Amino acid sequence: MTQNYEKLPQDAFTRIPRDTQEAEKISKPSVSFWQDAWRSLKKNKGAIISLILFGLIVLMSFIGPMISPYEPNDQTITHANLPPKMPVIENLGIMDGVGTLGGREVDLYEMKNVEQNYWFGTDGLGRDMFSRVWKGTQVSLFIAFVAAAIDMLIGVIYGGISGYFGGRVDDVMQRIVEILTGIPNLVVVILFILIMDPGILAIIIALTITGWTGMSRVVRGQVLKYKSQEFVLAARTLGASDTRIIWKHLMPNVLGVIIINTMFTIPGAIFFEAFLSFIGLGLQAPDASLGTLINDGYKLIQYQPHILLFPAVVLSLIMIAFNLIGDGLRDALDPKMKD
Amino acid sequence: MARYIGKRLIYMFITLALIATFTFFLMKILPGSPIASADKLSPEQRAVVEARYGLDQPLPVQYFDYMFGLLQGDLGISINQFKGANVTDVILSRMGPSAQIGFQGMLLGTVLGILFGMVAALRQNTWVDYGSTIVAIIGISIPSFVFASMLQYWLGLKWDLFPVALWKDGFMSSVLPSIALAMFPLATAARFIRTEMIEVLGSDYITLAKAKGASGSEIAFKHAFRNALIPLITVLGPMAVSILTGSLVVEQIFAIPGIGEQFVKSIMVNDFSIIMGTTIFFSVFLIVVILVVDILYGVIDPRIRLSGGKS
């Protein structure tokens with residue numbers, strides 16, 4: 001093609017002057033750190049599904065005991081050891097109230113003349129497993145969340161002070177942490193449970209007594225990293241107090257790491273609670289957590305596997321969901337890992 | 001290096017002394033008497049029994065006796081569970097089964113985990129990768145006692161492949177407990193190796209190896225795998241902890257006459273000296289493992305500077 005620009009009608013074009021103001025304008029709305037994190041978290045299917053799943057479990061742990069017509073601790077001896085039976089699903093051939101009795105498959109509900117349905121079956125004392133499982137979930141989650149919150153609080157304060165003030169303070173505080181972390185967690189937890197009256201409080205104290213050291217290490221590292229940066233120096237030059245620097249300038253930067261760390265302490269706490277209950281150091285009857293329910297179920301595994309099945313499934317789902325959410329959050333909040 | 005090890009050893013001793021002191025005084029304030037049916041004994045009988053176990057001495061004397069005994073490897077005498085047997089002997093006699101399932105579990109878990117992680121990294125974003133990731137997530141999430149009960153129910157009871165429990169059929173008895181213990185190391189190793197391998201595979205020297213015409217398997221094994229393996233040493237510590245924690249419940253579930261099972265039992269019957277002895281034994285084990293892991297890491301990978309301690 002030959003170049004015949006001159007032949008083009010000049011008036012068909014208008015010159016667009018370069019506007020210096022326009023050049024500075026950012027066409028897309030600016031994204032804050034948290035919006036950005038939420039965006040990358042949304043892309044992580046596993047984390048989102050886990051988040052929904054976990055939300056459902058929390059919801060059920062509250063409304064589950066309410067929608068069940070039976071109280072978690074009400075015993076109906078005549079209804080003992082019934083297998084699960086749920087309307088609709090029973091047509092599929094599972095959860096239809098059929099159990100083995102003396103080696104034969106029988107509808108135990110018909111045999112024992114039970115009119116009602118027990119969705120998750122009943123245990124050896126005729127207690128409704130549905131309300132017990134959700135009540136137990138509630139207790140387990142409560143213990144885990146409180147323990148994680150206390151860990152976080154102590155860890156952040158300890159690590160923050162140690163990292164921010166540095167010097168001799170840091171030296172002394174770190175030597176203490178070094179010795180504490182040397183003591184195996186398992187040993188401390190068991191010893192503390194032994195000297196206290198068993199119960200929710202004892203478990204929470206035992207879990208938090210050394211649990212905070214991990215958080216304090218992470219927070220200290222982060223504070224050390226950020227406190228020597230220019231924006232902190234600038235704030236200090238402008239006369240900001242220590243409290244203001246810590247809360248306004250350091251905390252927002254450390255928050256991501258704190259959240260990630262907490263997301264991994266919670267499943268750890270859930271596991272330890274269940275573990276302690278399983279070896280008989282946990283909650284005492286009639287209180288139930290997922291761990292004690294699994295322990296009860298385990299004793300009857302040969303004859304009544306459903307008593308073990310439901311709490312074990314709920315516990316496993318919570319653990320899987322938390323690990324996936326934690327992984328997703330770490331990828332979303334940790335800029336180092338960003339692709 | 002020597003200075004670092006020396007420093008770590010001093011810390012180790014301080015930690016152990018603290019644990020021993022702590023355990024000793026904790027046991028003293030525990031509710032319940034260690035002497036079986038203490039209420040039925042007359043004051044004279046009681047005094048005789050207490051004198052036999054040194055319980056009539058003032059507390060500081062008991063404490064120093066205990067600490068000196070510890071230095072010589074003497075953990076005291078079992079009070080009610082094994083009627084006067086030496087705690088050290090009790091622990092040693094029960095170490096065999098625990099060590100066997102622990103070692104087998106660790107070996108099985110790490111080897112399978114490395115395999116899974118490697119395959120996942122080499123076939124990234126395929127169904128192999130997703131499958132191995134799912135196995136890893138499940139392995140980390142599901143508690144060993146849930147997994148152990150499932151194994152026992154399906155493989156032991158329903159399908160009758162392995163003994164359901166007890167320690168009677170030699171190796172066959174150890175299969176299910178070892179698998180149950182292997183889950184956590186497997187999952188940890190698989191995740192770790194996958195991340196490391198992907199990182200290593202993206203590095204310059206792999207590109208160079210490719211440019212020089214090295215074959216795929218040569219790159220995978222000779223270059224990538226070796227370098228990905230080194231950092232795995234750092235997770236050996238958490239793995240050992242998980243094996244030990246797991247052994248408490250797994251031994252209980254499979255009725256294995258190991259240290260874990262006996263520890264849980266002695267908690268139930270208030271056998272103070274066994275509880276103390278086992279606690280200290282566990283602590284020594286874990287602390288030594290972590291120390292060895294840290295030192296090994298520095299020896300194998302010269303890029304790590306040990307003087308800074310753990311980061």
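Analyst: This is a predicted model, and a reasonable place to begin is N323(A), which counts as buried because its relative accessibility is 6%, below the 20% cut-off for that class.

User: Where does N323(A) sit, and what does it touch?

Analyst: N323(A) lies in helix α12 of chain A, which runs over residues 305-333. Leaving out residues up to four places away in sequence, N323(A) touches F264(A) and P267(A) in its own chain, together with I140(B) and S141(B) in chain B.

User: And F142(A), is that one buried or exposed or partly exposed?

Analyst: F142(A) counts as partly exposed, because its relative accessibility is 47%. The residue is placed in helix α5 of chain A, residues 129-165, and, with neighbours within four places in sequence set aside, F142(A) is in contact with I200(A) and I204(A).

User: How far is F142(A) from Q174(A)?

Analyst: The two are 32 residues apart in sequence, and their C-alpha atoms are separated by 31 Å in space.

User: OK, switching to helix packing. What do α8(A) and α10(A) do relative to each other?

Analyst: Helix α8 of chain A (residues 200-227) and helix α10 of chain A (residues 242-278) have axes that come within 10 Å and cross at roughly 160°. That angle is over 145 degrees, which means that α8(A) is roughly antiparallel to α10(A). The crossing of this pair is right-handed.

User: Which residues make that contact, and what are they like by class?

Analyst: On the α8(A) side the residues include I203(A), L207(A), M215(A), V218(A), V219(A) and Y226(A), and they meet a set in α10(A) that includes L250(A), V254(A), V257(A), I258(A), F272(A) and L276(A). By class, the residues of the contact between α8(A) and α10(A) divide into 14 nonpolar, 5 polar and 2 charged.

User: What does UniProt say about those stretches?

Analyst: An unreviewed UniProt entry annotates "transmembrane region" over several parts of chain A, among them residues 200-219 and 254-283. In the model, residues 200-219 of chain A are 100% helix and 0% strand, with the end C-alpha atoms 28 Å apart, while residues 254-283 of chain A are 83% helix and 0% strand, with the end C-alpha atoms 36 Å apart.

User: Now chain B. How many helices and strands?

Analyst: Chain B has 13 helices and 0 strands. Buried residues account for 47% of its 311 residues, and, of the contacts in chain B with a separation of 6 or more, 73% come from residues 24 or more positions apart.

User: How do α12(B) and α13(B) cross?

Analyst: The axes of helix α12 (residues 259-268) and helix α13 (residues 272-300) of chain B come within 9 Å and cross at roughly 140°, and α12(B) and α13(B) are therefore oblique to each other. Their crossing is left-handed.

User: And which residues meet there?

Analyst: I259(B), Q262(B), F263(B), S266(B) and I267(B) in α12(B) meet a group in α13(B) that includes I274(B), I275(B), T278(B) and F282(B). That contact of α12(B) with α13(B) has 7 nonpolar, 4 polar and no charged residues.

Key:
Residues numbered from 1 in each chain as written. Chains lettered and ligands numbered in written order. Predicted model: local features only at pLDDT ≥ 70, side-chain atom pairs only at ≥ 80, totals over all residues. Heavy atoms only, no water. Axes fitted to C-alpha atoms, helices over the stretch in contact; angles between N-to-C directions. Helix = DSSP H or I, 4+ residues; strand = E, 2+ residues; numbered from the N terminus. Parallel < 35°, antiparallel > 145°, perpendicular 65-115°, else oblique. Left-handed = near helix turned anticlockwise from the far one by under 90°. Contact = heavy atoms within 4.5 Å. Nonpolar A, V, L, I, M, F, W, Y, C, P; charged D, E, K, R; others polar. UniProt positions renumbered as here; feature names shortened; annotations may be inferred. Buried < 20%, exposed > 50% of the residue type's maximum accessible area, 1.4 Å probe, protein only.
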